[in-house]
Amino acid sequence: MGSQADWNSFGGVVTSLLDGNAVAIAITALIAFGLPVLLHLVFYRSAASPPSSNFLLLGPSGAGKTSLLSLLEAKSSLSKKPKSTHTSQSSTLTVVSLPPSVPTASNRFRSVNDPSLKDVSRNPVKYRLRDTPGHGKLRWEQGVSQLLSMSKAKDVKSKLRGVIFMVDTAALSEDEVLRDTAIYLHDVLLTLQKRALNKGKASLKTAMEIPVLVAANKQDLFTALPPNSVRERLVAEIDRIRWSRSKGLMDASADAAVGDEDDILGTEDTPFNFKLLKDEIGLKVDIIGGAVRDDNSDDFGSGVRKWEEWIGMCL
Amino acid sequence: MLEAFEILTTSGVVLWSKSYAPVGPHIVNSLINDVFIEEKVRPQNPATSGTSPIYRKEKYTLKWKRVKDFNLIFVAVYQSLLHLGWIDKLLDNISTIFIDLYKNEMRSARARTIEYPFDKYFDQQVRELEDNTGAATETLVDDVEDKKDPFVSSDNGGPPPPPVPGLLPAQLQAAPGVATSDEGTPPRSTENSRPSTPNHILAAKMGPGGRLSRRARKSANANTNVSSGEESARKGKAAKAGKKMRTWNADGLADEDTGEILDYSATPDDVGVGVPSPAVEDVTQESMGRRTGKGQFVLKDLGEEVHSILENADSEKAKSTSSGFMGSGFNAIGGLLRNIVGGKVLTEADLEKPLKTMEDHLLKKNVAREAAVRLCEGVQRELVGKKTGNFQSVDAALRIAMESSLSKILTPTSSLDLLREIEAVTSPTNKQQTPRPYVISIVGVNGVGKSTNLGKICYFLLQNKYRVLIAACDTFRSGAVEQLRVHANNLKELSSRENVGEVELYEKGYGKDAANVAKDAVEYGAANKFDVVLIDTAGRRHNDQRLMSSLEKFAKFANPNKIFMVGEALVGTDSVMQARNFNHAFGTGRNLDGFIISKCDTVGDMVGTLVSMVHATGIPIVFLGVGQHYGDLRGLSVPWAVNLLMR
């Protein structure tokens, strides 16, 4: 055996590789077993199954969407405190993990002692949250169109599990803000309603209602309205918007369009309210109070606990 | 003094910030709203002026820099009273350093949650730049600044683009270092290009003074603390930095061909000999003693690191420009391929031709030249440095960007719901407010269709069962009142037939002051419980100062809830000036509330006037007139308009 193979010349290297010495065998074995492992690591590490449940954050500018996002992000990455935020110009998609203490809908019927619940605390449930800019100019382009595309998506990965509509309850007592918020909410609900109605005609298989959470933010402020009052105001305002929309002018593009019967949110004759929306169309709207910024308690993010529970119930 | 510095992403998260005084978040928010989203304030072209754009809010001045690759915005906030010339430099340097340091973090998914320990780098930069300018008195700072700016811009503006602004501080920084060793050098080449005033030399000398004492202090501390391995590692880096600086110089020399630049590189050459040697001394001293002072020394160390980063970035830039000449053949082929396959990083040269085509296309659609140029510039600013998607050509990328920027410009900030607003004014929910009629007045150039559109709006309101008063305030043109009377009679007939609202004409004949008539009409409307008062005005040329000035009085007397301007879709370039002049005619604090674009049915898909008018003022379009009948009034649908424009 050419154990003293000469490794200097090219021919020598080839010869010693081919005549079966220990080094060559070791290298071959390494490549043969290592390469698949390596490939696996490269491809599957990077694409480590993104969580399949998506949530969309909507709401007018200044309601606290980005703040909520950065708070949840900070919570799931165990960093000290959430970053401060400014007005957004583009939307972002991030993976957020649900705290293990929050129950999820899929674990609803498990007993407390179920061992799989312990598994959850080690490997928390993850979901994706998309933040959208709330500025009037960007709302349509990035908020509602996002809602449309996500709610229509066929594949499981981009399926929308719920919409979180942020509301600034402290500013809602002003007419301007209330009107703006209500118009946006109206448009969102209308989009979802159209989808729900179309779904009835289409295949029932994909029909899955998208619940809406109206997150009444900034409950920590003194001037904040309680969630019930928020509901009342929003309902009254949406009712008015519905009325003026039905009376308003047509858009320039509506010439050729056929008469849109389902352009009115809810049913035409009865006054609008969220309960009717649920009964007749199957669109569930919850209003839950909370606060992204809560200075009183030591552990930050306790104000969003209820929203997280809502998210958990959608998973 | 700098008030605050923030690094934020376009998605709104502040990655890092430092504030010297509390600055409310609304300051930066209004920057984002006004400049980036609504584009109310248009920055002057940064490429030509060589400085960062400025935005003023309350007592603060904001300067910013966008880095598109990472979607970052660097914002510096300072008091408007102060003249801080080094802010531009600071923005440039900080953005370079930050991106160089956290490149990998920015690409990762966790970019928004991790902490960025950037304070020390920032402090170092601020101190350095302040030292450069602030060593002398306040007036001197201004003086130096004024001279430095043209210097920098001339540096940038030269036909061959190798020079790099970031280099400047490094040299200015390095220069004082030499001054300690060699007193003869101060009036050296960097100053040579400026008019040599004694002040500069003074400033240059004072800098090293402070540095010297610091170094002295440091060496005094040198024996107190135990040095860590990391420290010495960094030292190695520092030494390397010195070496790099020299190699770059060799490169630079090869590239440069202007005399000024040559001057430049001569200085660092001197420095290259002068500076590293004390640095090396320092290192050996401390490694001998195994001890080092933390405070000031780390600072100095940082300085080296920072400079090496800046220089690397500069040399890379220089390299890329030089290779642009050399390997252009290969690049061209690659570029062609990429144009088809996608994944091409767009440059200005790539965009030039498609942008020109796009501009022509917009002009053909009757967009005013000014608006078309601005749109194209905006799109160019957005696209340069971006990568095209897979299998996406430059044209397609441009098209998408243009579509989104068109829809951005046309989409109103808050949508107008006229009926809802009328409701709020005429029957307020709040008990304190007394119900009053909702007043809408309509202005415009002669013959654009003011009265016709007034008739259409009136019809629309009548359909919603309002009581409408039409006030004929065109007391000038003969037949104007009669024309309105015809409309009023027609509408009366129509509404009685359909049993909807009521309409009445309020007129005082000809020759009266329009403002007084309008005021009386509103009072009459309030007394007789009308819901809406529609005021028609005389058509006037927008560049006739005398006629336009009467509008201010009119706005004060009638105090309309809404002033709509009627513009015709047929008008071309003039639309910009029309919109602008009418917008300014109502005095301070009162603007137009919306445009009605008439005669849209006559232009087909050439609806560019929509864009021109909104571009000029930022005021939304509320109605479109699309025909001869009372019912031919439409709201604006942005996708429809964008679709027509891009066809």
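How many residues does the contact take from chain B and from chain A? It takes 45 residues from chain B and 38 residues from chain A, where two residues are in contact if their C-beta atoms, placed from the backbone, lie within 7 Å.

Before you click further, note that this is a predicted model, in which local features need pLDDT of at least 70, side-chain atom pairs count only at pLDDT 80 or more, and totals for chains, interfaces and linings use all residues. Residues are numbered from 1 along each chain as its sequence is written, while chains are lettered from A and ligands numbered from 1 in the order in which they are written.

**Stop 1: the side of chain B that touches chain A**

Select α1 (25-37) of chain B. With 7 residues, α1(B) gives the most to this side. Other elements that give two or more residues here include β2 (14-19), α16 (394-410) and α24 (638-646) of chain B. Helices (H or I, at least four residues) and strands (E, at least two) are DSSP runs, numbered from the N terminus. Colour this side of chain B by residue type and you will find 21 nonpolar, 16 polar and 8 charged residues. Ala, Val, Leu, Ile, Met, Phe, Trp, Tyr, Cys and Pro count as nonpolar, Asp, Glu, Lys and Arg as charged, and the others, Gly among them, as polar.

**Stop 2: strand β4 of chain A**

Now pick residues 160-168 of chain A, which are strand β4. Of its 9 residues, 8 are buried, so β4(A) is largely enclosed by the rest of the structure. Buried here means that 20 or more other C-beta atoms lie within 10 Å of the residue's own, with C-beta atoms placed from the backbone.

Two strands pair if DSSP finds at least two bridges between them. Look for Leu57(A) opposite Ile164(A).

**Stop 3**

Show the 8 strands of the open, mixed sheet in chain B, in the order β8-β7-β9-β6-β10-β11-β12-β13. Its edge strands are β8 (502-507) and β13, each pairing on one side only. From one strand to the next, the twist averages 25°.

Finally, select helix α19 (residues 480-498) of chain B, which packs on the sheet and touches β7, β8 and β9. Its direction makes about 165° with that of β8(B). Axes are lines fitted to C-alpha atoms, for helices over the stretch in contact, and angles run from 0 to 180 degrees between N-to-C directions.

Technical notes:
Buried ≥ 20, exposed ≤ 12 C-beta atoms within 10 Å, placed from the backbone.
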